[in-house]
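Subject: A structure for you to look through

Hi there,

Here is the structure I promised to pass on. Please open it beside this email and follow along as you read.

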Number of protein chains: 2
Amino acid sequence: MTFELRSAEVIAVGSELLGSTRLDTNSLFISRTLASLGILLKAKAVVGDDRALLRDLFALAITRSDLVVVTGGLGPTDDDLTREAVTDALGIPMSEDEAITAGIRNRFARRGMVMPALNRKQAMVPEGATALNNPNGSAPGLFIIAGEKIALLLPGPPRELQPMLNALCQPDGLLGARAGLARLHSVSIFTTGLSESHVEELTQPLYARWRDAPEPIETTVLATPGQVELHLTLRSGDAVGAKATLDDARGELVKALGLFAFSTDGRQLPHVVGELLQARGLTLAAAESCTGGLLMARMTDVAGSSGYVRGGVVAYSNELKVQLLGVDQAAIETHGAVSEPTAAAMADGVHDRTQADVCVAITGIAGPSGGTDAKPVGTVVIATRVTGHPLSVRTHVFPGGRDMVRFQATQTAIEGVRRILLAASAARP
Amino acid sequence: MTFELRSAEVIAVGSELLGSTRLDTNSLFISRTLASLGILLKAKAVVGDDRALLRDLFALAITRSDLVVVTGGLGPTDDDLTREAVTDALGIPMSEDEAITAGIRNRFARRGMVMPALNRKQAMVPEGATALNNPNGSAPGLFIIAGEKIALLLPGPPRELQPMLNALCQPDGLLGARAGLARLHSVSIFTTGLSESHVEELTQPLYARWRDAPEPIETTVLATPGQVELHLTLRSGDAVGAKATLDDARGELVKALGLFAFSTDGRQLPHVVGELLQARGLTLAAAESCTGGLLMARMTDVAGSSGYVRGGVVAYSNELKVQLLGVDQAAIETHGAVSEPTAAAMADGVHDRTQADVCVAITGIAGPSGGTDAKPVGTVVIATRVTGHPLSVRTHVFPGGRDMVRFQATQTAIEGVRRILLAASAARP
């Protein structure tokens, strides 16, 4: 091993990444992959197809960090300028690598095509650089070792970049062989039913202590509507010790969060509840109004969900609540489509028709219109009928726009199923 | 007007944005908003809570670009360092603004709380800076005019940042008043049913011409599974002329793309088809198996969809295909659950039960398991039954993983409805 890589920066190249429609998502993969080697991302940047600006950004990044990964701009066209900008910055010349040209020519030949002259550009290699084979595309990657720094140039498409970076991170790869003993270890806890500040209130006294430990645990709190996540990270050279430390920390946090913590292994709520259903041999059906199928779509997004999801009914119109679910028309007229009696009748109706063990009904006002003073936009009634348990019916008022209301309604309904199933296990002798 | 803003850079501050779970999405909004003023984003960066690094990045950005927007790091805690780093770079001192302190103290008082001493930090204002009121949070923004450059510091949460930036872009606002005459104008075309290379083949000869015009039109092609988008952008000081040029260009492209172009105003496919249904006074119902409710969830994601979506059935299990849709058990056994006869029976069944004018049925193998040689993962049968039209039943094989197969199945089914409705109008005298 020649030197140790501790810090990195990523520069994504491409004018399309500076518009209002597309984000550089490669950096998420790169961040995670480098973290597994204990290499910390210090900064990342996006730059258009601008040779001088890329040269300047690269030149500064390579002085600050041990590794600079540049993604994109390796194609054959005029606006692909990554090679040129990086060699400008490092002050090294380029020449054509005949073996690469031959390889690209072969790729075209296999498709019965002649390589356009333009593609020779992709075979230009900086002096002292090593080309990296790209099994999924025509643009080869390359790396340059300059002193105790590494410049790594990778193609932009994720399906080309990812296997190339993974190969470099193997123990004998360019990056794997230069990783230090210290690695980043991490665990996460997902919660639902608590606000971000509630989660902080319950957990901050715990993680504040760990911040000052000799090997500190860093805690990040991420909040989305319907879910708050805690991510713990520890940099350590002792994998066994780090795992034990993080397991302990996670244990303390889960204890503080109680039932609000639903996942400690990255699985999302529909997956967690799906496995509970599967383990208990129970089936699920739903009757959805305002969520229009979103609850069932989320539950069946999980591979293997056909083992426990039977299906159900989307009764968006009142007629279908009567025709498909047998809800009493008079009850809808008396109490309204968004009411606890209607939700209960929807749950009963879908149970009668599917015989599923767990039946969930959702009816509400997702907005933007349809709200009243008594039942504002965001009002959602959820009824849950689990065989052997009393029917649960609750009215909620969710904040936010249409999307947020619909998502929170499904999240709350799925969480409601989890709570009933867990209470059922707790009640067992 | 003192000077004109033409270029900008964005720096997002926060260590959480360097991990593997979260992207800086503010930059998309900022890019779009500045583009509407003709201010072009040259680069963007993300940096952790690192005062020296932020200072260096900011110092370089402000030499290259007219406007530097720094987002985040304006909170009250120790790791909020944006004010300090920017004033370090500009070499100006800070002092407490008593009016801001009073404002923050009031916010706490209204909630019956005493302002923590920590929050005084948020009232520190650089000399010569102007504070910006933040109606949705405690961190005020601020701007500094330095020569013919502007440093703009905004809080990170989108619901705080967006109204503040919008206000600054009004004609009399900080940025609006300094925008040049040239603005960025843009239009988009969404297509489905064609691959990215097909779209390029049909359109590239057209847009290649426009690239060399005195006021060139820039074209970006964005491909996602089930949808390829063309975005055209033109920088011009002549709003009327630009609109005419872009309208012409869009017209030529739509002609080349034919029926594959479904939207020229940013509306997504469920919205476009929803409006077709609404305009014709038709109702929609669905019977979904492998998509598990995703088609109905997407259709009802559109505000106002209760005007035409009646609902339908999710028959994920074979039993429910029989019980809820009246599909013949023997037919499922003979032909399989994923077969054209079963799909047709599902469409008929949902029509019998809902009397909707347009009935769609989807049955398929989303994977990862369940595929066979004859019916590999990705096989999806779609049946569409529109009153007054012959039943349409087609078998597709979609590439990709579970998510992609499910999404493409719904996209293809919705597009199928659009094609039938358009053919119906074309057939009218």
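Gly112(B) follows α4(B) and has a positive phi, near 70°. Please keep in mind throughout that this is a predicted model.

**How the two chains are related**

Chain B can be superposed on chain A by a rotation of 180° with a shift of 0.4 Å along the axis, and the RMSD is 0.4 Å. This is the relation of a two-fold axis. In general, two copies of a chain are related by a rotation about an axis and a shift along it.

**Where the chains meet**

The contact draws on 49 residues from chain A and 49 residues from chain B. On the side of chain B that touches chain A, several elements supply at least two residues each, including α1 (26–35), β2 (40–47), β10 (217–224) and α12 (340–354) of chain B. That side of chain B is made up of 23 nonpolar, 17 polar and 9 charged residues. The copies meet through the same surface, because 100% of the interface residues of chain B are also interface residues in chain A.

Now look at the strands in this contact. In which sense do β2 of chain A and β2(B) pair? Strand β2 (residues 40–47) of chain A and β2(B) are antiparallel, with 5 bridges between them. Within this pairing, Ala45(A) stands opposite Ala45(B).

**A sheet with strands from both chains**

Inside chain A, strand β1 (residues 7–13) pairs with β2(A) in the parallel sense over 7 bridges. There, Ser7(A) has Leu40(A) as its bridge partner.

**Another sheet, in chain B**

Chain B also has an open, antiparallel sheet of 4 strands in the order β10-β11-β9-β12. Its edge strands are β10 and β12 (261–263) of chain B, and the twist averages 30° from one strand to the next. Strands β9 (residues 183–191) and β11 (residues 227–236) of chain B are joined by 9 bridges, and His185(B) has Leu234(B) as its bridge partner in β11(B).

**Backbone details to find**

Most residues other than glycine have a negative phi, and most peptide bonds are trans. Gln355(A) has a positive phi, near 60°, and sits in the loop between α12 (340–354) and β15 of chain A. The peptide bond from Gly367(A) to Pro368(A) is cis, with omega near 5°. Pro368(A) is in the loop between β15 (358–364) and β16 (379–386) of chain A. In chain B, a cis peptide bond joins Gly367(B) and Pro368(B).

Happy exploring!

Technical notes:
Residues are numbered from 1 along each chain as its sequence is written. Chains are lettered from A and ligands numbered from 1 in the order in which they are written. This is a predicted model: local features need pLDDT of at least 70, side-chain atom pairs count only at pLDDT 80 or more; totals for chains, interfaces and linings use all residues. Two residues are in contact if their C-beta atoms, placed from the backbone, lie within 7 Å. Ala, Val, Leu, Ile, Met, Phe, Trp, Tyr, Cys and Pro count as nonpolar, Asp, Glu, Lys and Arg as charged, and the others, Gly among them, as polar. Two strands pair if DSSP finds at least two bridges between them. Copies are superposed by least squares on the C-alpha atoms of residues with pLDDT of at least 70 in both. Axes are lines fitted to C-alpha atoms, for helices over the stretch in contact, and angles run from 0 to 180 degrees between N-to-C directions.
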